[in-house]
Amino acid sequence: MMGEIDLKAAQDAWTQAEFARIMTVDSQEAAHLAERQHELEASLIAAAKTLGRSAGDGRAAHRWWEQERPPRRPLRIAIVGGGVGGLAMGARLREAGYDDFVILEKSDDIGGTWHHNNYPGVACDVASYFYSFTFFKNPGWSQMFAPGSEIKRYLSELADHYRLREHIRFGATVTSCHYDNGVWTISTAEGETFEANIFIPATGFLHIPILPAIEGRDRFAGEIFHSSAWRPDFDSSGKRVGIIGNGSSSVQIVSNIVDRVDHLTVFQRTAQWVFPAPNDYYSELRQQMLSYYPELTHRLFQFFMDWYNDGFGNAVTGDAAAQKRFADACQANLDSIADPELRAKLTPDYPVMCKRLIFSSTYFDALQRSNCALETRSIARIEPSGVRLHDGSLVELDVLVLATGFDTHAYCRSLNISAAGGQTLNQAWQDGARSFESIGLAGFPNLFFIGGPYSTVGNLSTMTCAELQVDHVIRLLDEMDRTGAREVMPHRDAEDAFVDEMQGAVANTVWVSGCKSWYLDAKGGIDIWTKSPAAFMDRMVTGPDLAKYHFKA
Ligand code: NA7
């Protein structure tokens, strides 16, 4: 039998081997470490069985409905969006004892981004152990960067575990939200009206597709669709496919379909830096072992969180040494391309991470296949038979995929939010989206954003960001519950000072170092968190600073 000391030693040895394997570039050493882990996994499973541990107990032990939940005064809450943010909010409300809530979702299923995006190769490019909620661990990720369908399944399991489905209203497209005297009235395109005391837009920022304003788009004779509208049953096999754009979506699609299509043309307007990130498969043995030891899944979360937050997060907000490490890795990846002409086409003319960094170990290989062409000549128009370039040549196509991104600065504008006696949200945001500490908005009582302006975004984990925000909102609700307040909203001067603080840090960020990206709005402004991820966590965890909020009985 493995004693307690041995168990801890084996766990430590497994995690050390894991971290060393992730960091090494020596494939022989990586194979040796993987073998060592494999042996430890078998021993740890045997030990767990001997000790009578139950598999998956990270979740099973977390029986929120059996925990003591404080009695709450009636507070009706309406959440808009059944994606990552809305589901996290619902789960934590459940745990905190706020059971009177509804989640309004325009679609017919949960998952948000992970429900809508079904293109081949769709996956998260944030490591899965970090792209998870700490209160709902997942020992069963099958890959370092899990496929979209697996993330949707994870969210579905979360919805079941917290019995959220009974609170979700599918097919509810919110068209207007008005606040008056302690009550939000929310109307939908389907003709329903909901009333709530608290209103939480959790609509995200990757849900409104941008269709490029290229002449002739509607005259294409073949199939033409945005990457987020790829039908699950659409098969590109044997077809001549063109794809406009080379962001994260395109890179995943290209890598996935290149071997299946007859010919693939990637239309690139701006070169991208690509960080090499092999997508390791995780064995069933490993998944089984982790299911017995949720503490190890948590260690993996911590490891990746530090890697992303300290490494990546600091690199984009002014840490030159951290940025150089990413720049060197991206440059070495680029240098691996043998053909100097292709390499030149793929060389960006702006600093690494100015645009959202692409993570892929397969994209450059795909571009070098004989049936793939990288087209950098500019597009003149779309014609029935293909894409006409400005030099007069025609690229003939059967399928044209528009991987042209999303309107990331729209946020929840389409909800038409207003408050009695004040501005509409669209008026308040006419010079750019804003918030107080990513949560509230002066002039709009009882409104809390999840994933709105001044959240951390980019290559960080939106799940972690949502979890921090959701818990912050719950503390505001607890204060309303404790004091009996009917209204809460940030003071305008506190919000102005916060926006000044964020804007004052913009110049340090790599996002304004000379490129165009979805981090910048139409006027070149920035409305995301501009300080370090650690500063965001600190603000979320130590706050809310109640003195900066106005509570009204
Ligand atoms: P992105 O990252 O916004 O990429 C959009 C791509 O489409 C990008 O390469 C654009 O080129 C290109 N684009 C957009 N409009 C045009 C026109 N009119 N002509 C040519 N090329 C165009 O979107 P993704 O869907 O890939 O990823 C979005 C996020 O989802 C991603 O960052 C992850 O967070 C998940 P440009 O660089 O602007 O020249």
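Start with a lining: the residues around the second largest pocket divide into 18 nonpolar, 3 polar and 4 charged. Keep in mind that this is a predicted model.

**Stop 1**

Select Ile22, Met23, Phe275, Pro276 and Trp307. Of the 25 lining residues, these are the closest to the centre of the second largest pocket. The space inside is about 750 Å³.

Now colour the helices that contribute. Helix H1 (4-23) and helix H2 (27-50) each supply at least two lining residues. So do helix H9 (294-316) and helix H10 (320-335).

**Stop 1**

**Stop 2: the open sheet**

Next, show the strands. Look for an open sheet of 5 strands in the order S8-S17-S9-S10-S13. The pairing is parallel. Which strands stand at the edges? They are S8 (223-226) and S13 (372-375). Each has a single partner strand, so one side of each is left without a neighbour in the sheet. Look along the sheet for the twist, which averages 15° from one strand to the next.

Zoom in on S9 (residues 240-244) and S10 (residues 263-267). These strands run parallel and are joined by 5 bridges. For a landmark, pick Gly242, which stands opposite Thr265 in S10.

**Stop 3: H14 against H16**

Select residues 462-483 for helix H14 and residues 533-542 for helix H16. Their axes lie 8 Å apart, and the packing angle is about 25°. That makes H14 roughly parallel to H16. The crossing of this pair is left-handed.

**Stop 4: a cis peptide bond**

Go on to Gly543 and Pro544. What kind of peptide bond joins them? It is a cis bond, with omega about 0°. Pro544 is in the loop between H16 and strand S20 (549-552).

**Stop 5: a positive phi**

Finish at Arg163. Find this residue in the loop between helix H6 (148-161) and strand S3 (168-170). Check the backbone there: phi of Arg163 is near 50°. That is a positive value in a residue other than glycine.

Note on methods
Residues are numbered from 1 along each chain as its sequence is written. This is a predicted model: local features need pLDDT of at least 70, side-chain atom pairs count only at pLDDT 80 or more; totals for chains, interfaces and linings use all residues. Side-chain values use heavy atoms; hydrogens and water are left out. On a 1 Å grid over the protein atoms alone, a cavity is a set of points where a 1.4 Å probe fits but cannot get out, and a pocket is an open set with protein on both sides within 12 Å along at least five of seven lines; lining residues have an atom within 4 Å of a point. Grid points are joined across faces, edges and corners, and a volume is the space filled by probe spheres set on the points. Helices (H or I, at least four residues) and strands (E, at least two) are DSSP runs, numbered from the N terminus. Ala, Val, Leu, Ile, Met, Phe, Trp, Tyr, Cys and Pro count as nonpolar, Asp, Glu, Lys and Arg as charged, and the others, Gly among them, as polar. Two strands pair if DSSP finds at least two bridges between them. Axes are lines fitted to C-alpha atoms, for helices over the stretch in contact, and angles run from 0 to 180 degrees between N-to-C directions. Angles under 35 degrees count as roughly parallel, over 145 as roughly antiparallel, 65 to 115 as roughly perpendicular and the rest as oblique. A crossing is left-handed if the near helix is turned anticlockwise from the far one by less than a right angle, and right-handed if clockwise.
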